[in-house]
Amino acid sequence: MLDAPACFCYQCKTIIESVERLLFVEEETNRGFCSEECIEEFFRPLMEYYRDQSDSYRKKLNLDENVDALKIQFEQYFEDLFENPSEIWKLENDLGEALYFMSSQAGKDGPYLIALVTLFSGSVSFVYFTSISYNLEFLNFFRVGTKIEELEKVFKMRTNMEKELMEEFASDIEMIKSELLADLLMNHQETDIDAEKYSLYDRYMQVTMDGPDDAYRYPAKDGSELLSVIKAFEVEGKSFYYIVTCLIKSVNIDEDESEILIPVLGFPTVDGKLCSLYRKGTQVIGALRS
Ligand SMILES: [Zn+2]
């Protein structure tokens, strides 16, 4: 008996038994992929296509900005761009496939941050291209298609409370983050997932937060409380852990003192040894490990 039409990876055509195991990065299409590698492989020609257009326009404007240096200098603003853009434009082709342009300014007088992305479930799911420039004409080059007037209709913006908390704890978050990153880099093995690829695993952050296998609470160097949540994944035969370390803060919500979790750093790893470094302090979720 013939099986029902099979689902398959859009890139490598591997047959996938269940649709839940496919990865989707676009709201508008049914293109599903078996792995992050196949997503990248599929979109690579388009990434080059957009980069070439941008490069030619830069040349035309005679912009002599050092894009790489600017990107590094304003790196922390990119994270904010992806979560809290000040504008989004939707560019659709004749097939209804869409590309989104988002931008915001780094600080008051800083450069414009530019990104071409796909959206899925109201979040950035794939990044084609990022750039940065002080030049307004260069920014305008990307403002094509339809400007989305009500961003929250297509995008999960941070709530006001989240924004306030981020501002209130910004310096704590920055400090903890740099400590966590330094620790991570010190223990990161060459055979492990490359740090440049971490953003491809961003989708696993929320899943890990929502249902971790185990979680541990311990004090940071400055005395503030941290929580590391860990979840094991198996995607198409490949296993990895996703680890999110959160800052625990006590806040007053409706006159009730409660603890909130602020995710500070999330990353994937295939290294069980690295993972075990986050299993310390008091275990608060999961089966006790011996
Ligand atoms: Zn594939």
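**Figure 1. Strand β7 is largely enclosed in the predicted model.** The view shows strand β7, which covers residues 112–120. The structure is a predicted model. Of the 9 residues in β7, 8 are buried, so the strand is largely enclosed by the rest of the structure. A residue is called buried here if 20 or more other C-beta atoms lie within 10 Å of its own.

**Figure 2. Strands β6 and β7 form a hairpin.** Strand β6 takes in residues 98–105 and runs antiparallel to β7, and 6 bridges join the two. One of the facing pairs sets M102 opposite A115, a residue of β7. Between the two strands of this hairpin there are 6 residues. The turn includes G107, whose phi is positive, at about 70°. As background, strands of a sheet pair through backbone hydrogen bonds, and the pairing is either parallel or antiparallel.

Figure 3. Strand β8 comprises residues 123–133. The link between β7 and β8 consists of 9 bridges, and the two strands run antiparallel. Where does L113 find its bridge partner in β8? The partner is I132. L116 also faces a residue of β8, namely F129.

Figure 4. Strand β5, residues 87–92, runs antiparallel to β9, and 2 bridges join them. At this end of the strand order, K90 stands opposite T146 in β9.

**Figure 5. Two loop residues have positive phi values.** Most residues other than glycine have a negative phi. K13 is a residue other than glycine with a positive phi, near 70°. K13 belongs to the loop between β1 (7–8) and β2 (15–16). Is K13 buried or exposed? K13 has 10 other C-beta atoms within 10 Å and is therefore exposed, since a residue with 12 or fewer such neighbours counts as exposed. N62 likewise has a positive phi, near 55°, and is not a glycine. This residue sits in the loop between helices α1 (36–60) and α2 (67–73). With 7 other C-beta atoms within 10 Å, N62 is exposed.

**Figure 6. The segment before β1 contains A4.** A4 is located in the segment that precedes β1. How many C-beta neighbours does A4 have inside 10 Å? The count is 5, and A4 is therefore classed as exposed. In sequence, 203 residues separate A4 from V207. In space, the distance between these two residues is 30 Å, taken from C-alpha to C-alpha.

**Figure 7. Domain 1 and domain 2 are in contact.** Domain 1 spans residues 7–154 of the protein chain, and domain 2 spans residues 160–285. The C-alpha centres of the two domains are 25 Å apart. The contact involves 5 residues of domain 1 and 4 residues of domain 2. On the side of domain 1 that touches domain 2, 1 residue is nonpolar, 2 are polar and 2 are charged.

**Figure 8. The protein chain as a whole gives the setting for the close-up views.** The secondary structure of the chain consists of 9 helices and 14 strands. Along its principal axes, the C-alpha trace spans about 65 × 60 × 40 Å. A compact globule of 290 residues would have a radius of gyration near 19 Å, and the 21 Å of the protein chain agrees with this. Of the 290 residues, 21% count as buried. Among contacts with a separation of 6 or more, 56% involve residues 24 or more positions apart.

Conventions. Residues are numbered from 1 along each chain as its sequence is written. This is a predicted model: local features need pLDDT of at least 70, side-chain atom pairs count only at pLDDT 80 or more; totals for chains, interfaces and linings use all residues. Helices (H or I, at least four residues) and strands (E, at least two) are DSSP runs, numbered from the N terminus. Two strands pair if DSSP finds at least two bridges between them. Domain bounds come from an automatic or database domain assignment. Two residues are in contact if their C-beta atoms, placed from the backbone, lie within 7 Å. Ala, Val, Leu, Ile, Met, Phe, Trp, Tyr, Cys and Pro count as nonpolar, Asp, Glu, Lys and Arg as charged, and the others, Gly among them, as polar. The radius of gyration is taken over C-alpha atoms; the globule rule is 2.2 Å times the number of residues to the power 0.38.
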